[in-house]
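My notes go in the order I checked them.

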Amino acid sequence: GNAARLGTTAVAAHQVAAQLWLLLSFVCDSLAVAGQGLIADALGRGQVAGARAVADRLLILGLALGGGLMCVFLLGKEALPSLF
């Protein structure tokens, strides 16, 4: 198939990239899981403002994490492949 035409190096590189993507998606998803618990707790206590503060904080953290990862990958696009 197509993978055989690409060669083992290209397929291996794709697999490494896919595994990094999966790992980092779980890192980002941990913010969502924590946020659900914290917001549910705040809303259960009737603290709507507290829930909103948690949501706002997590939004900023998520944007910072996404932006940071983007910078790492953009700035390291030449160096990262040599690590593998």
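**Ground rules.** I am working on a predicted model, in which local features need pLDDT of at least 70 and side-chain atom pairs count only at pLDDT 80 or more, while totals for chains, interfaces and linings use all residues. I number residues from 1 along each chain as its sequence is written, and my side-chain values use heavy atoms, with hydrogens and water left out.

**Helix H3.** I took helices as DSSP runs of H or I, at least four residues, numbered from the N terminus. H3 covers residues 48-75, 28 residues in total. I computed the expected span as 1.5 Å times one less than the number of residues. That gives 40 Å for H3, and its end C-alpha atoms are 40 Å apart, so the two agree.

Next I asked which residues of H3 are buried. I used relative accessible area with a 1.4 Å probe, protein chains only: buried is under 20%, exposed over 50%, partly exposed in between. I found Ala51, Val54 and Leu58 buried. What do the buried residues of H3 pack against? They pack against helix H2, residues 8-44. Contact here means heavy atoms within 4.5 Å.

**Cysteines.** A disulfide is a covalent bond between the sulfur atoms of two cysteines. My cut-off was a pair of cysteine sulfur atoms within 2.5 Å. I searched the whole structure and found zero disulfides. Cys28 is partly exposed, because its relative accessibility is 33%. Cys71 is at 39%, so I noted it as partly exposed.

**Salt bridges.** I required a side-chain nitrogen of Lys or Arg within 4 Å of a carboxyl oxygen of Asp or Glu. How many salt bridges did this rule give? I counted two.

One joins Arg45 to Asp41, with the closest N and O atoms 3.1 Å apart. Arg45 is exposed, at 58% relative accessible area. Asp41 is partly exposed, at 39%.

Arg52 and Asp56 form a salt bridge as well, at 3.1 Å from N to O. I looked at their spacing in H3. They are four residues apart in this helix, so about one helical turn separates them. Arg52 is exposed, with 55% relative accessible area. Asp56 is partly exposed, at 34%.

How values were computed. Helix = DSSP H or I, 4+ residues; strand = E, 2+ residues; numbered from the N terminus.
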